[in-house]
Every structure is written in structure tokens, then in C-alpha cells.
Amino acid sequence: MKVEAKVLLYLGLFFGIMNAVYWNWSLENAGGVMMFAGMLLCFLPGSYYYFWSRRMKARPEDDPNATQTSGAGFIGTFPGTSIWPFTLGMGAFFVVLALVFGIWFLIPGLGLAVWALFGATAEGRRGGTH
Amino acid sequence: MTDVLDPPVQLPPPPPSHEMLEEHGHDEHHGPTGILKWITTTDHKIIGLSYTVTSVIMMIIGGAFAEIIRAQLASPNGTLVSLSQYNELFTMHGSVMIYLFVGPFAFGGLANIMVPIQIGAPDMAYPRLNALSYWLYLTGAITMLSGFFTAGGAANFGWVAYAPLSNSVNTPGSGADLWIGGLLLTGFSAIFTGVNICATVFYLRAPGMTMFRMPIFTWNMLVTGILILLAFPVLTAGLIMLYCDRHFGTHIFSVQGGGVPVLWQHIFWFWGHPEVYILALPFFGMATEIIAVFSRKPVFGYKGMVFATLTIAALSLGVWAHHMFTTGVVLLPFFSIMSLLIAVPTGIKIFNWIGTMWRGEIWFSTAMLMAIGFLITFLIGGLTGIYLASPPLDFFTHDTYFVVAHFHSVVMALLMAAMGGLYYWGPKITGYLLNERIGKMQFWFLFIGTQIFTFPLYVLGLEGMPRRVAIYPHDPQWKTLNDWSTFGAILIGISTILFVVNVAVSWKKYPSGDNPWDAQTLEWFTTSPPPHHNFYRLPQIRSERPTWDHNHPEHRSLTHGKHPELTEDGLEKVHSS
Ligand code: HEM
Ligand SMILES: [Cu+2]
């Protein structure tokens, strides 16, 4: 967890410093704002990982001496198949077609998207109970 | 059908003996078959394969556009296509290649398949999100290309869609809107893949697979994932603004309503330059793996390689306006210095690639040739890029064929690495090798063709031939140079045909076994193709090349700066498993 945190925090720090130089020097705002947002985007998950890396003991994947048995056990539920990504993808497709060909494409688009939302949630509930 | 869920994944405890495992059934997974399997799968290997196949088809489509472009330019007054068709062709050539081929091929295709296997994970962290990525990519590609079937034709404002050319007055019609829509879809697909790669690397590594033992390819994909998350939302936001300008009467990018046209360029290139590294880093990673395996050595300067990748990522957010030097409104010294700085980590990488080959037992397989071709061609593209990072030189060459030549040296190098990746990992994905003889022919056509294609373009650029023109002045020298370039493009086209022929000829013909190259990283430890959820067993992971350590206990790698005791410990474990 520590390396993960450091990668993001150092990147964020670098963007921060670079931006301080850039914004003051260029007096142009678009780039400054975007770089600032980039810095935040690194700090947000980075500080989360840093917070936890100090509070938990090394995971098997962070332990250079871990044996394969130390990782045995439940690591998550992975759905074997699911129709909902396809449904949602088609929904998004129709929504985009609505941008080009007319608003009525939103009906199948949003319909499919909402259907997928319910379907995936229900599937997740069933799958998540293990 | 939709509620087929696998039992929770258990990482199996080390089995008592190898023999027992061989009797273990290879595919215990039950589920839908045929087209339904393709539509409902959440297996990263199948999704990755769909991505790979789709993106290679996109490469062929984009390549076909390129051949038409080159045919048109074979004579100064070419009449093969009309001027407006030419605009559509170069726009869609660039768009298809950048948005629909290189990126999706790298992070949706090979990375999707290989990253989880390289770190010993059973799948991507979010398998259903992964499937959604593919559907967004596929529909995005269809959307963008369908512009050709509309009355006004496909988008024709270049792959960069500069304002004010891209507004609704200068570019009316649905081709442009389909381009925007398609890009929104593929943009989201990239973002979701970025999320997936980062989460997978952070949370699903096998025990002992510390960050500094990950293969360089996985490291590069992690950094690519972070860059995707930093860059792509900016593009999506920009596209929405562009759409609003076109249809809802906003004036974000138009002077009339108080907007700022150059803002589009800032937004586009704030995405666009990191995108260059999003495209390049995966192929750097592929080349690294290939060069190490076929030199039969560990990667030279592993940590330096990781550090260089991170440095490139860090700098890449601060160089976007080197594409805007000639606008006259950007801070030239800042962007020039930052751009030149990127040459340093890139140089480290080139040094390390050569160091990896140095005194290695080099095996000139097709994959290795492609990687070496990548190295040379990329060096040419990189060096000419240094010229362009200098504003006075860029003023002189901006929007000429010099720029086209520069970035084609780069992207053709990436194409070589991509082909290397297919020859190297293809056997892992399918269980079958490709024909090496045809492969080597393909390489030479591709490599020589690329140089013949780009060198005349450098000269033409320096002599002032502008890019994005369908006709050019009658000048015997220009005509000769253009003819050479077209000849190179034909050779490249032949190499692509040879690839397709090779796939057809070698179809299920040369079984590869699990580890045909005596490779080093974890993906070569499992079967070819890997089973559902990837591994029946895992070796002890004590260095960045666990498979090698397992197969060559007498030549185990020393872990970076670690006490040798550790090695002993791992050695015993390996023997007893
Ligand atoms: C068969 C190999 C290729 C050939 C013969 C080729 C040819 C060309 C030519 C002649 C142009 C300039 C068109 C003009 O400015 O009028 C061009 C533009 C471009 N190419 Fe390629 N190309 C090839 C491969 C690629 C690849 C692999 C990529 C990307 C991965 C790529 C990306 C681009 C881009 C982004 C542009 C700029 C489009 C624009 O000006 O808007 N090309 N190509
Ligand atoms: Cu750039």
C-alpha cells in the first residue's frame, strides 16, 4: 500500500509545484485550473492509500516474503457472465445517437440504461452475498 | 442466462504435486456459448481479445485511408479523391488510428489480457465495467465511422477539431456530430479501463508480488491508467462544450459571443499530449518485456525504468502547449524547457533497452526484430521531436510535412512494438504460434517501408510542403519525394497484408506449449491459453521474474538489494511445490 500511496502523492506534489511555476509565470488560467485539478486527482486517492497504509499491516502482496498460502481464501466475487454491460452499452449508444439524430432516440437509450441499472444491481446483490 | 455467477474465487493453496494438477480438468467453467458468450462475457481474456481483434480491424481501416491519401499525393494534381473527400480521409485516418486503434489496442487489448495474468490476479477488478468498456468502444467506433454514410460525409476538420473550424457554421452536418459522439463513447471506455487497470494493480496482486516486482509492462500500464484518469475527463468535458457551441448556442469557443477559440486548443492538448504517452508507454512496456526475454537477461536497470516512466508521466502534464507555439499566446520558455526535459527519461529508457541487450544471448525472433525496429524508429521520431520542442525551429516547420514525418516515425514505431506484442503474447492468448518466416518478411516490409515512407516527408517538410493538402505545386523534386513516400506506404501496406496472411496460414497450426520463449514473467507460468480465472497454481514470487526463477533454480535472480537468505528461502519453497 505504501508504494501505491507514494506514487500518487509524489505525482500530485510534482503537478502542484509545476503549476505554481506555470500559473504565476503565464497568467493563463485554463492550463492552471486543469493542472490544479490534476494535482487534486492525485492527492485524493493518494492520501486515502497513505492513510490506510499506516494503519494496516502489510498485505500479502506487499510482503516480499509472502508464501502463496498466505493469500489463500476469499478474495472477491467475480461474475462469470452478465448481460447488463451490453445492455448499458447499447443504452449509451442510443443516447449518443440522440445527440445527432434527434431527441426521440433518448427513449430506447434511457430505457435500456435504466433497465441495466436495475438488472445489474439485482445481480450484484445476488452475487455479493457469498 | 444473466444470473450465472461463479463461486467466489479462492486462490488455491499450493497443491501437493504437479502430477495431480495435470489431471485436473482444464476448463470447468460452464456458461453460455457462441454469440451469447461474446455478449455476456466478463472474462478479461475474452474482452481483451475482442478489443484486440476490433482494434486491428480499425488499424486496417485506418491504413486503407492512409493508402488512399498516399495514392492521391502520388501526383501533384491527383484526381483520385475530391478536395473535400481528402479532408474527410485525413481526418478519419488520424482519428481512427489514434482513437480507435493504438490506444484501445494497448490498454483495452493486450493490457486487458496481460496485466491481471502478469500479477497473478484472477480477473480485472471490475469485470462488468470491463465489459462495458468494450461495448462503449465498439459502439463509439461504429458511431464515428458511420459519418461516411451521412449526406455531408464524415468529419473533416482534422483529428484535432480546432475551433472555429469545428463550429456549426464552418462544419455543419451530422458527420461532425457523429465524430463527437463516437469520441464521447470511446472516451468513457478508456476512462473505465483506466479505473480497472489501476484498481487491479493496487488490489489484486498475488502474494509476494510487491510493486517493485511487477513486470515493466504492468508498471507502464499502471502509469498509463493514471494518465488516462488525468487526461480523458478533460477531453470529454471539451467535447461537451464543443457540442453545446454547435447546438445550444453557447459561445465558449467563438469570439462573437465573447468566447476564446484558443481555449479549445488548450483543452484538447491538455488531453492530447498526455494521450501521446498513454499511447506510447504501453508499447515501451511491451518492447521492454520482449527485449529482456529474447536477450535471455533480466531488464537492465529495472528501477531506473520505473522511475523514467513515472517521470515521463509527471512531465507530460506540463508540455501541452508545445503544440500551440505558433498561436503566439503561450509561454514559450516554460513549454520548451518542459518538453526538452522529457528527453531525459526517454533517453534513460533507450539506454536501458540497449543495456538489456548488451551481452545477451539474443534470439532474433519476429517479436525481437519488431522490438529492435521499434527502438530504432522510435529513436528517429524522438530525435526529430527534440527539434520541434524548440520554438524557433517549430515556427519554421509547424504544419508542414516535417511534423507529419516526426509523428509517423513515432507511431510507426508503436505499430512495430504492437506487432511484436502480438507475436510475443499471441501464443499465450491462443495457444498457437504464428509462422516465423512470414513474420520476418512482415517485419522487413514494415521496417524498410516505414523509413522510405517517412524520410521523404522530412525533406518535403523542410522544403515547406504543408500538411493536409490534396494537391501541391508542380515541382519535379516534390513529385519524386512524394512518390518515394507513396512507395514506402505501399510496402507498409504489404506488411499488413502479410500479417493477415500469417494469421490465416498459421491458424491453429503450431501449438506453442505454455512457455515457448522460456520467458520470465508470471503470465508464462500458467497454461496457454490460461484457464478461467487464470491460474491453477502460483510459484513463489521472489523477484520480478518468478517464472524464470522457477524454471532455472540455478540462475535465480537476486531480489533488488535484498538479503540472499530470502532467495534461499524461496528456493526451498520452489523445490517442495
Ligand atoms: C500505413 C501507414 C501510414 C501511412 C501511409 C500514413 C500516411 C499519412 C499521411 C500521408 C498523413 C498526412 C495527411 C495530410 O496531412 O494531408 C497522415 C496523417 C496522420 N496520420 Fe498517418 N499514416 C500511416 C499510419 C499512421 C498511424 C499508425 C497513425 C497513428 C497511430 C497515424 C496517425 C496519423 C495522424 C494523427 C495524422 C494527422 C491527421 C490530421 O492531419 O488531422 N498514421 N498519415
Ligand atoms: Cu505533445
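This is a predicted model: local features need pLDDT of at least 70, side-chain atom pairs count only at pLDDT 80 or more; totals for chains, interfaces and linings use all residues.
The contact between the two chains draws on 67 residues of chain A and 79 residues of chain B. Together the chains bury about 6,300 Å², and carbon and sulfur atoms account for 73% of that area. Polar interactions across the contact comprise 16 residue pairs in polar contact, counted where both residues have pLDDT of 80 or more. On the side of chain A that touches chain B, at least two residues each come from helix H1 (2-26), helix H2 (29-55), strand E1 (73-74), helix H3 (84-101) and helix H4 (106-127) of chain A. Among these elements, H3(A) gives the most, with 13 residues. Sorted by class, this side of chain A consists of 40 nonpolar, 19 polar and 8 charged residues. Salt bridges between chain A and chain B number 3. One of them joins B:Arg205 to A:Asp62, with 2.7 Å between the closest N and O atoms.

B:Ala314 is located in helix H9 (residues 302-316) of chain B. Leaving aside residues up to four places away in sequence, B:Ala314 touches A:Leu11, A:Phe14, A:Phe15 and A:Met18. With a relative accessible area of 7%, B:Ala314 is buried, because the limit for that class is under 20%.

Ligand 1 is surrounded by 24 residues, of which the closest are B:Tyr86, B:His93, B:Val102, B:His408 and B:Arg468. The side chain of B:His408 places an N or O atom 2.8 Å from a nitrogen atom of ligand 1. An oxygen atom of ligand 1 lies 3.0 Å from a polar side-chain atom of B:Arg467. For B:Trp159, the approach is through the backbone, with an N or O atom 3.0 Å from an oxygen atom of the ligand. Two or more residues of the shell are given by each of helix H3 (44-72), helix H4 (83-118), helix H13 (401-430) and helix H15 (476-505) of chain B. H4(B) provides the largest share of the shell, 7 residues. In terms of class, the shell contains 17 nonpolar, 4 polar and 3 charged residues.

Backbone geometry was examined next. Most residues other than glycine have a negative phi, and most peptide bonds are trans. Two loops of chain B contain exceptions. In the loop between helix H5 (127-145) and helix H6 (174-203), where B:Pro164 is placed, the peptide bond from B:Ala163 to B:Pro164 is cis, with omega near 0 degrees. The loop between H5 and H6 also holds B:Ala161, a residue other than glycine whose phi is positive, near 50 degrees. B:Ala161 has a relative accessible area of 0% and is therefore buried.

The other loop runs between strand E3 (510-511) and helix H16 (546-551) of chain B and contains B:Pro529. The peptide bond leading from B:Ser528 to B:Pro529 is cis, with omega near -10 degrees. B:Asp518 is also in the loop between E3 and H16, and its phi is near 50 degrees, a positive value in a residue other than glycine. B:Asp518 has a relative accessibility of 18% and so counts as buried, since the cut-off is under 20%.

B:Thr521 is likewise placed in the loop between E3 and H16 of chain B. At 6% relative accessibility, B:Thr521 counts as buried. The side chain of B:Thr521 is in polar contact with the side chain of B:Glu523, at 2.7 Å. Apart from residues up to four places away in sequence, B:Thr521 touches B:Gln118, B:Pro215, B:Glu289, B:Tyr424, B:Glu544 and B:Thr547.

Key
Residues are numbered from 1 along each chain as its sequence is written. Chains are lettered from A and ligands numbered from 1 in the order in which they are written. Side-chain values use heavy atoms; hydrogens and water are left out. Contact means heavy atoms within 4.5 Å. Buried area is the accessible area (1.4 Å probe) that two parts lose on being put together, summed over both. A salt bridge is a side-chain nitrogen of Lys or Arg within 4 Å of a carboxyl oxygen of Asp or Glu. A polar contact is a pair of N or O atoms within 3.5 Å; within protein, one must be able to donate a hydrogen and the other to accept it, and residues adjacent in sequence count only if both atoms are side-chain atoms. Helices (H or I, at least four residues) and strands (E, at least two) are DSSP runs, numbered from the N terminus. Ala, Val, Leu, Ile, Met, Phe, Trp, Tyr, Cys and Pro count as nonpolar, Asp, Glu, Lys and Arg as charged, and the others, Gly among them, as polar. Buried means under 20% relative accessible area, exposed over 50%, partly exposed in between (1.4 Å probe, protein chains only). A residue is near a molecule or strand if one of its heavy atoms lies within 4 Å of it.
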